[in-house]
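Me: I am new to this structure and would like to go through it by question and answer. Please show it first.

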Amino acid sequence: DEVQLNIFKFLDLDDVIRCAHVSKRTRRICHDESIWKKVNISGKVVPSEFIEQILENGCQYINLRGTKIFGGLNLPRNDYDVKYLNLSGCKADKGVLEKLVSSCQSLQKIALAKLDPIPIGHGMAGWNVAFNVLKSLNPQHLQTLDFNAVEGLDLELMKSLLSCKTLTEISLFGNGYLSNDCVQYLVENLSSGIKEICLSGIQNLTDERVKILVSRCKKIEKLQLLGCGSITEDSLTSIVEHS
């Protein structure tokens, strides 16, 4: 069994699934957690049952970038040991991605870029997928948070996300119209251990707020401020002084 398992680890995911149909023995071997630890199904169309299967098989790193999931999600647990989840550009029925995220309580890294709203009906507002996924997220173990272009991000949700003190990377690229309260809370409460920050395009970011941020967060290694139209070279001075 150990020899077959080592061979199966070299196979693509599609071939592993085919091998699992050969016999009861190969099916048992193909379901070993070591094969399913990392799953990349980006850009594919998959049934929700497949997502249920890889979670039950102990998957920890899941790339669903650009994936289309069809069907409802039935997850009997909320303690799957998923560490990394990329949902950027992922499409699914209403509530599916929220259910997936809420069932992964130990997430350390999540990406939500380009999650488009689901249209509810003619003339009606869409379902803001990224916003609702973030509300379903347990932030307590997060290290990397990529929530670019999330519409409707409010102060309550910002407080919940920044309650995590293990955060080392955060990207808010494209969240250009964050409220003044959200931006102020961000610079005053972002984890002091943060290393990489992308605030590109945030219009309410001022020189004074940049100064607050860099004076608090001494471990910053990468800071992106592209398109922040309200800052001047005074921000650069603050960055140099506190670097």
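This is a predicted model: local features need pLDDT of at least 70, side-chain atom pairs count only at pLDDT 80 or more; totals for chains, interfaces and linings use all residues.

Me: In what order do the eight strands of the open sheet lie, and is the pairing parallel or antiparallel?

Reply: Strands of a sheet can pair in either sense through backbone hydrogen bonds. In this open sheet the eight strands run in the order β1-β3-β5-β6-β7-β8-β9-β10, and the pairing is parallel.

Me: Which are the edge strands?

Reply: An edge strand pairs on one side only. The strands that do so here are β1 (38–40) and β10 (222–224).

Me: By how many degrees are neighbouring strands of this sheet turned against each other on average?

Reply: The average is taken over neighbouring strands of the sheet, with direction ignored. On that basis the turn is 5 degrees.

Me: Which residue in β8 is the bridge partner of L145?

Reply: Strand β7 covers residues 144–146 and strand β8 covers residues 169–171. The two pair in the parallel sense over three bridges. Within β8, L145 has as its bridge partner I170.

Me: How many disulfides does the count give?

Reply: A disulfide needs two cysteine sulfur atoms within 2.5 Å. The sulfur of C30, a buried residue at 0% relative accessible area, has its closest cysteine sulfur in C19 at 5.2 Å, which is too far for a bond. For C198, buried at 7%, the closest cysteine sulfur is in C228 at 8.2 Å, also too far. The count of disulfides is zero.

Me: Which parts of the chain hold R77 and E56, and how many residues apart in sequence are the parts tied together by the pair?

Reply: The side chains of R77 and E56 meet in a salt bridge, 3.7 Å from N to O. R77 is partly exposed at 34% relative accessibility, and E56 is partly exposed at 40%. R77 lies in the loop between β4 (68–70) and β5 (84–86) and E56 in helix α5 (residues 48–56), so the pair ties together parts whose separation in sequence is 21 residues.

Me: What is the N to O distance in the salt bridge of R77 and D79?

Reply: D79 counts as partly exposed, at 47% relative accessibility. Its side chain and that of R77 meet in a salt bridge with an N to O distance of 2.8 Å.

Me: With which residue does D81 form a salt bridge?

Reply: D81 is partly exposed, at 35% relative accessibility. The closest N and O atoms of its salt bridge are 2.9 Å apart, and the partner is K83.

Me: How many salt bridges does the count give?

Reply: Salt bridges also link D1, R25 and R28 in a network. The count of salt bridges comes to seven.

Key: Residues are numbered from 1 along each chain as its sequence is written. Side-chain values use heavy atoms; hydrogens and water are left out. Two strands pair if DSSP finds at least two bridges between them. Helices (H or I, at least four residues) and strands (E, at least two) are DSSP runs, numbered from the N terminus. Axes are lines fitted to C-alpha atoms, for helices over the stretch in contact, and angles run from 0 to 180 degrees between N-to-C directions. Buried means under 20% relative accessible area, exposed over 50%, partly exposed in between (1.4 Å probe, protein chains only). A salt bridge is a side-chain nitrogen of Lys or Arg within 4 Å of a carboxyl oxygen of Asp or Glu.
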